[in-house]
Amino acid sequence: MNRTQKIAWLFVITISLAVVSSLIAVAILYSKVGMPKALTGFALLGIVGFAGFGPVIFPKDKGKIICDERDTSINRKAAIAGFGASYLVVGLACMLPFSILGPHATVSVVWLPNIFMAAGLTSFFVHSVVILVLYGRGGKNG
Amino acid sequence: MGKVKIKNKLRQFRFENNQMTQAELADKAEVTRQTIIAIEAGQYSPSLELAIKIAKAFGKKVDDVFEYEE
């Protein structure tokens, strides 16, 4: 497993952990204090910040060549998939309220940073998953 | 359109060249060992440039190492 895969695993684990724990926290807080105070449970999304230490935790790979055409190709495909997924999230976030609430409804601006965060998390998550899947095709040592 | 696959004789040529290791071939072709493993397993088709580098590492032509199958 190379450094890129290790960092991708760190992203997948931290993002999954952050999303699940924050949703549980919001559900618990909702039953105790109700909305909008329950939304403070999303503060647990800060767990994702640990993924930023990936490049520090995992040292550079040994060997003369640490990145070649296959690594570049995998990273490019993963980036495109990540961008596509985040674009889909933003698209759905814009279109669903329109189609559900109707053209004359109003939406609080509080949702805008949330949409931005959701798009970012989706992008990083999908990028990391695609990296793991594409390297995984290389077999045991891939 | 049928499934296109590029077969290779990397393993055979490595053993014919003093049992060259994947790491040694990777160094000669200037790629990572993971890429050599993926090519050898038929899970990655190298670029023309890389195919030429690999063939040169064996002292062969690209056609000798890689075979195009449809």
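Fourteen is the figure on both sides of the interface: 14 residues of chain B are in contact with 14 residues of chain A, where contact requires that the C-beta atoms of two residues, placed from the backbone, lie within 7 Å. On the side of chain B that touches chain A, α2 (22–29) and α3 (33–40) of chain B each supply at least two residues, and α3(B) gives the most, with 4 residues. Sorted by class, that side of chain B has 7 nonpolar, 5 polar and 2 charged residues; here Ala, Val, Leu, Ile, Met, Phe, Trp, Tyr, Cys and Pro count as nonpolar, Asp, Glu, Lys and Arg as charged, and the others, Gly among them, as polar. The helices named here are DSSP runs of H or I with at least four residues, and the strands are runs of E with at least two, numbered from the N terminus.

The model is predicted, and for that reason local features need a pLDDT of at least 70 and side-chain atom pairs count only at pLDDT 80 or more, whereas totals for chains, interfaces and linings use all residues. Residues are numbered from 1 along each chain as its sequence is written, and chains are lettered from A and ligands numbered from 1 in the order in which they are written. The pLDDT is the predictor's confidence in each residue, on a scale from 0 to 100. Chain A averages a pLDDT of 88, and 96% of the residues score at least 70.

Within chain A, the axes of helix α3 (residues 69–101) and helix α4 (residues 111–136) come within 7 Å and cross at roughly 150 degrees, which makes α3(A) roughly antiparallel to α4(A). Such axes are lines fitted to C-alpha atoms, for helices over the stretch in contact, and the angles run from 0 to 180 degrees between N-to-C directions; angles under 35 degrees count as roughly parallel, over 145 as roughly antiparallel, 65 to 115 as roughly perpendicular and the rest as oblique. The crossing of α3(A) and α4(A) is right-handed, a crossing being left-handed if the near helix is turned anticlockwise from the far one by less than a right angle, and right-handed if clockwise. The contact of α3(A) with α4(A) has 18 nonpolar, 6 polar and 1 charged residues.

Helix α4(A) also packs with helix α1 (residues 3–32) of chain A, at an angle of about 135 degrees and with the axes 9 Å apart, so α1(A) and α4(A) are oblique to each other. The crossing of α1(A) and α4(A) is left-handed. From α1(A), residues including A:W9, A:F11 and A:V12 take part, and they meet a set in α4(A) that includes A:F124, A:F125 and A:Y135. The residues of this contact of α1(A) with α4(A) divide into 12 nonpolar, 3 polar and no charged.

Helix α1 of chain A also holds A:A25, which is partly exposed, with 18 other C-beta atoms within 10 Å; a residue is buried if 20 or more other C-beta atoms lie within 10 Å of its own, exposed if 12 or fewer, and partly exposed in between, with C-beta atoms placed from the backbone. Not counting residues up to four places away in sequence, A:A25 touches A:G41 and A:L44.

In chain B, α2(B) and helix α4 (residues 48–58) pack at an angle of about 120 degrees, with their axes 9 Å apart, and are therefore oblique to each other. Their crossing is right-handed. In this contact B:L25, B:K28 and B:A29 of α2(B) meet B:L50, B:K53, B:I54 and B:A57 of α4(B), and by class the contact has 5 nonpolar, no polar and 2 charged residues.

The buried residues of α3(B) are B:Q34, B:T35, B:I36, B:A38 and B:I39. They pack against α3 of chain A together with β1 (5–8), α1 and α2 of chain B.
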